[in-house]
Amino acid sequence: MRLPYQATLFVPLHDRSHDCSPAAKILREPEDSPRRHGAHGEERSRSFLRVLSAAVVLSLTRTGRSVSSWRSSASTRHGEARRSRIGGSPLLGLRARSALCLRGSIREWLRTALLVCCVWNTAQGQNSGPAPRPNIVIIMSDDMGYSDIGCYGGEITTPVLDRLAAGGLRFSQFYNMARCCPTRAALLTGLHPHQAGMGHMTGAPQGRPEPWQGNLSHQAVTIAEVLRPSGYATYMCGKWHVTNRERAGDEPYNWPLQRGFDRFYGTITGAGSFYDPTTLTRDNRMITPANDPEYRPASFYYTDAINDNAVRFIADHAQTNAAQPFFLYVAHTAAHWPMHAPEEAIAKYRGRYDQGYEPIRKARFERLRQLGLTRPDWPPTPSFGNWDQVEHKAWEARCMEVYAAMIDRMDEGIGRIVAELEKQKLFDNTLILFLQDNGGCAEPQGRVDKPEWHLEDLKPMGPDDLQPKIWPPMQTRDGRPLLGGPQVMPGGPDTYIAYGKAWANVSNTPFREYKHWVHEGGISTPLIAHWPKGILRRGEIEHQPGQVIDLMATCVALAGAAYPAEHQGQKIRPMEGASLVPAFTGGTISREAIYWEHEGNRAIRVDKWKLVAKGPAGEWELYDMEADRTELTDLASQHPRRARKMAAQWETWARRVGALPWIWKPPYNKRPHPQ
Ligand SMILES: [Ca+2]
């Protein structure tokens, strides 16, 4: 059930016109009303009384909900949190439950009153007109697991992200689309990947049907294309990866500046060296680390470059467009292979992983439980990799040291973005979202030495020579080949090595599977939402599921922007996601279901039930995500009707968005059906 009042508390005042909730009616006043302007003390007092009345209405509504939904709470989105708030066991006696419920209601009343008073103070403090719209900064990392960062149970040092989590909201069940390109397409457009032309990856063969064309559809608009006409400045730093014009030397087509961004610094494609990224681009021009007059660090490292240029965009914005809100999309390539990090960053983790996978994995399980992100009764998933049998232990440990350093360095740079927002006094009214594009990556790049990588007679590259390759055989700018295999310690610019499946299994603790698959290990991501003026649920955990597709609807709601039916002469598909704004104040995110399809891996989640299959021929598996989010007990044979119904719902969705008919073998109708 949707609770409309909760969605509106921190929406800018001018954007409440559509809201008919009791609280909004009491709070709403005409723009030219002296009451909105707080001209007289008497009116201010009346306003305060009205707001206090709103608090009472809200709290009574909440109290009513608390009592009426009590019995069903254990099976709702809040079931877990509510059980812990009211003291634990669902088997408590009715009287005890009533007493606890009453105590909870009083606490709810006080909390609601506080929230409403905050809104009143904010409105009065501005003294006139609507509250300013927030800046929006979306930061996304690449190929990281659910429990890598500190505030999601990891041992990797991420004090900046931890601070944002402590001052904001953490989502325990947020989902991406399992892979770089589909996630980016869905994030940018608010559409399912196939609707945005990105059912699979960029680089698709010519002639593929539109859902699989590997190029951002022109029947989709990006967040930048929606927010810019509503008055937002739009900036992007980092990995784009949603166009098929993505080779070194290609001309701009469907690049950030053609899709609504005012300024861009980053790479058009994915992967590549962190010391010499392929398709490094400033605005519409491909550049090299050696010929960019606008960014000349002592030594170039791509993660630093992304953060430094984001800082610069914010500083320039404050200088020239201070009155305008902005949208900034920071898409890191950390911690995608190759494992590249400056030596001083790696040194911090030297020896940290010498005991192998299992102690790290166990510690993460424990911290996740302590943090309240997972339930104690979820059994651990099987581990992958036996440390005793690892032949090259020092090399294997070094892979994870570099991976940790990549994330550590990214966090440090995000700290510079936060510091710049604070310096420009923009921090309090900026929504920062941090998430990851897919789960930990088990791909084996560079883990075996390949003779063809040992290039000879290489020459140094000139400053204007574009790095043509994203993977070996390739060379450094000073003329050395990039090598892999266990005889080469990863980290430096002449190496190209992935951290491997066993560490990816650790990254994805406590879940199963990896990047590509749509079991929880492939699609689960942290989502940190931090916004001092808009999110007062400081340090709380939100257990409602959400998906990257929701970010467009969230941005549209916060910006008060109009999502277009047409853009540049093209009909635009209606956006699909749900706004996350209600969750910022404890409200309900309203949606029918969450869907996935990638390479024939497919899933649908409806409330606590998830139907999921691995591969085009994989059978459907059914899981109860409240009791078993680690997906260890397949209930498809126990609940065949539910499995059939959910499979039919998935098929209807897949045909609507273009995920069926699919391009995989075998065709969909050749797969086994649930019994
Ligand atoms: Ca990725």
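Here a residue counts as buried if 20 or more other C-beta atoms lie within 10 Å of its own, exposed if 12 or fewer, and partly exposed in between, with C-beta atoms placed from the backbone. Helices (H or I, at least four residues) and strands (E, at least two) are DSSP runs, numbered from the N terminus. Keep in mind that this is a predicted model: local features need pLDDT of at least 70, side-chain atom pairs count only at pLDDT 80 or more, and totals for chains, interfaces and linings use all residues. Residue numbers start from 1 along each chain as its sequence is written.

**Helix 18**

Helix 18 (residues 640-657) runs for 18 residues and spans 26 Å from first C-alpha to last, close to the 26 Å expected at 1.5 Å a residue (that is, 1.5 Å times one less than the number of residues). Its buried residues are Ala643, Met646, Ala647, Trp650, Trp653, Ala654 and Val657. They sit on the same side of helix 18 because they cover an arc of only 125° around the axis, taking the directions from the helix axis to the C-beta atoms. Turned away from that buried side is a face with the exposed residues Arg641, Ala648, Thr652 and Arg655. The buried residues pack against strand 14 (594-598), strand 15 (601-606), strand 16 (609-613) and strand 17 (621-624); a contact means C-beta atoms, placed from the backbone, within 7 Å. Just after helix 18, glycine 658 has a positive phi of about 95°.

**The core**

A nonpolar core is a set of buried Ala, Val, Leu, Ile, Met, Phe, Trp, Tyr and Cys residues joined through C-beta atoms within 7 Å. The largest one has 156 residues, and Phe327 and Tyr403 are among those with the most contacts inside it. Helix 13 (residues 393-423) gives the largest share, 14 residues. Domain 2 (135-263 + 293-584) and domain 3 (594-670) both contribute, so this core lies between them; the bounds come from an automatic or database domain assignment.

| Site | Value | Feature |
|---|---|---|
| Tryptophan 337 to proline 338 | omega near 0° | cis peptide bond |
| Lysine 665 to proline 666 | omega about -5° | cis peptide bond |
| Glutamine 568 | phi near 50° | positive, non-glycine |
| Glutamate 631 | phi near 55° | positive, non-glycine |

Notes:
Two residues are in contact if their C-beta atoms, placed from the backbone, lie within 7 Å.
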